[in-house]
Amino acid sequence: MRTTVAGSTVGPAKEPADRASLGGHGTRHLIAARLAALRVFVRRHPTAVTAAGSLAVAAALALALAGNGHKFLDALGSAPIWVLGAAIGLHVVWLVARSEAWSVCISAAGGNVSRRRLYRASSLGYLGNIFNGQFGLAVRIAALRRSAPAESPRASVLVAAELPIVVVEAALAAICSFTLIGPLGVPWWVPLVCFGAMAAVLAGMQRLARHRREGFWSGLAVLRGLRGRSRIIALVCVAVVIQIARNWLLLNWSGVDASVLDSTALLIGLAVVGLLPVGPSLGAAAAVLILGTNGVAASAAAGALLTATAAVGALCFASWALVDRVWRERSPEPATV
């Protein structure tokens, strides 16, 4: 049936298609609007989001450990004091290596901050990492800008100076991602795709570093020369080996029969899960996700010990920074170190 309106003919057969088209566009706009609102909420309320994520993960872990509480407690107390001390010491060495890598990137970007000041700012940021990696980076940058406003680059450049380290870490994770094939059943070709993607990202960043030298992009300056790239890769490799050794130590002393490959897989899992707002539940959640088939209670205990020893190591590093600052205030710090 066709009707005539104001001299024109309108066919009802076209209306369903129009409605479907409008409905599709409306749904896409609604989803985009809700995602934008969610991003705004996360930026404005990071503490609340992290707290909610931590509670959700803790509840999931409690369900997974239901009926195995005694096994969890036994595994938690199985590691002797010297093992916990070694794990704390390894984490402190990791913090120093990571801070040195950041120092190399900032110096290449034009910063002239003394190593002592940079390490002190870095120590505060790594305390923040206990709750959220992005929060820890923000604390590091704010602390450095406050302690050395004239010697440090702008905040945007400091953010960019973190990218070379993160990309090298991601590239190493891609190389070692074959360790996830067994624990998670990842297809064999996924590590190859990850490695190819990270190689392309690293090559693209080197190109950007060579051709864009102003503003935000100056933070990538460390990638322009072979010497800078070599130092970053060496420091990141040292940091990764330290973390793998720390994982292996705590896993095996908690009752998980873990190999070096399992410890590497856990390190990758910690990095991936750490992108989520899980807070202090990170270690246990990642350990159960990656190695839960070897025993949920023992894996959760090892993850909890990883988080606890990391927190104590960060506190030790921050305590040194506090003592050093008080000491240096009594005797003026030289302009450069």
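Helix α7 contributes seven residues to the lining of the largest pocket, the most of any helix there. Helices here are DSSP runs of H or I with at least four residues, numbered from the N terminus. A pocket, on a 1 Å grid over the protein atoms alone, is an open set of points where a 1.4 Å probe fits, with protein on both sides within 12 Å along at least five of seven lines; lining residues have an atom within 4 Å of a point.

Please note that this is a predicted model, in which local features need pLDDT of at least 70 and side-chain atom pairs count only at pLDDT 80 or more, while totals for chains, interfaces and linings use all residues. Residues are numbered from 1 along each chain as its sequence is written, and side-chain values use heavy atoms, without hydrogens and water.

The largest pocket has a volume of about 1,500 Å³, a volume being the space filled by probe spheres set on grid points joined across faces, edges and corners. Of its 50 lining residues, E169, L270, A271, V272 and G274 are the closest to the centre. Among the helices that each supply at least two lining residues are α7 (155–175), α11 (260–273) and α13 (296–330). By class, the lining holds 33 nonpolar, twelve polar and five charged residues; nonpolar covers Ala, Val, Leu, Ile, Met, Phe, Trp, Tyr, Cys and Pro, charged covers Asp, Glu, Lys and Arg, and the others, Gly among them, are polar.

I turn to the second largest pocket, with about 420 Å³ of space. R120, L124, A143, S147 and R325 lie nearest its centre, among 15 lining residues. Here α13 gives the most, six residues. The lining comprises six nonpolar, two polar and seven charged residues.
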